[in-house]
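Please read them with the coordinates open.

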Amino acid sequence: MTVRSLPPEPFGKGGERGISAKGLTELWGVSLDTTPKPPMEQFLSANADAFLSLLHVRKGEIVTTAGDFAALQTIWSTQVDAFRKAHSKTLRGEEGAQLVCLDSAFDDGSSAAMALYENEVALVAYKAERFGHMQSSWQRIFT
């Protein structure tokens, strides 16, 4: 956890100074939602600024799209099923959540990732410099 020191803001009455609870949640990257989001949605929202485009599929139905996702949709319709079948043959007790990343996968130099969790698949084109943050949030959410 990183805590930043900012100039004090008025809080309460009189001489009290501090920062609002909303401000703290933004600084700490935590949510005050009483009902937490499902893990895949947590991952996608935590890394939204890293994604150039997104295709999120649950139970074979497209749930969310963002950016220019045409290339991701082509990958979804032509390659994901074959990859998952081939990949499942190599797994030995590792059937949990998987994040598969391909550096510089697209012609524009952006990287691609496929996130697999239960009946969900998320295909993303992401900024390569955001890989570390994306990977650490994956580990935090899914392990």
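1. Strands here are DSSP runs of E of at least two residues, and helices are runs of H or I of at least four, both numbered from the N terminus. On that basis Lys 59 falls in the loop between β3 and β4 (61-66). The model is a predicted one.

2. Two loop residues deserve a look at their backbone. Lys 59 has a phi near 50°, a positive value in a residue other than glycine. Its relative accessibility is 64%, and Lys 59 therefore counts as exposed, the cut-off being over 50%. Glu 118, in the loop between β6 and β7, also has a positive phi, near 50°. Glu 118 is exposed as well, with a relative accessible area of 62%. Most residues other than glycine have a negative phi.

3. Leu 102 is placed opposite Ala 112 of β6.

4. The largest nonpolar core has 17 residues, of which Met 40, Phe 43, Leu 44, Phe 51 and Ala 115 touch the most other members. Two or more residues each come from α2 (39-46), β3 (51-58), β6 (111-117), β7 (120-126) and α5 (131-142). The largest share, 4 residues, is that of α5. There is also a second, separate core of 11 residues, which includes Val 57, Val 80, Val 121 and Ala 125.

5. Which residues does Phe 51 contact, apart from its neighbours within four places in sequence? The partners of Phe 51 are Phe 43, Leu 44, Val 124, Ala 125, Tyr 126 and Met 134.

6. Is Ser 137 buried or exposed? This residue of helix α5 has 0% relative accessibility, and Ser 137 therefore counts as buried, since the limit is under 20%. Not counting residues up to four places away in sequence, Ser 137 touches Phe 43 and Asn 47. Phe 43 is also among the members of the largest nonpolar core that touch the most others.

How values were computed. Residues are numbered from 1 along each chain as its sequence is written. This is a predicted model: local features need pLDDT of at least 70, side-chain atom pairs count only at pLDDT 80 or more; totals for chains, interfaces and linings use all residues. Side-chain values use heavy atoms; hydrogens and water are left out. A nonpolar core is a set of buried Ala, Val, Leu, Ile, Met, Phe, Trp, Tyr and Cys residues joined through side-chain atoms within 4.5 Å. Buried means under 20% relative accessible area, exposed over 50%, partly exposed in between (1.4 Å probe, protein chains only). Contact means heavy atoms within 4.5 Å. Two strands pair if DSSP finds at least two bridges between them.
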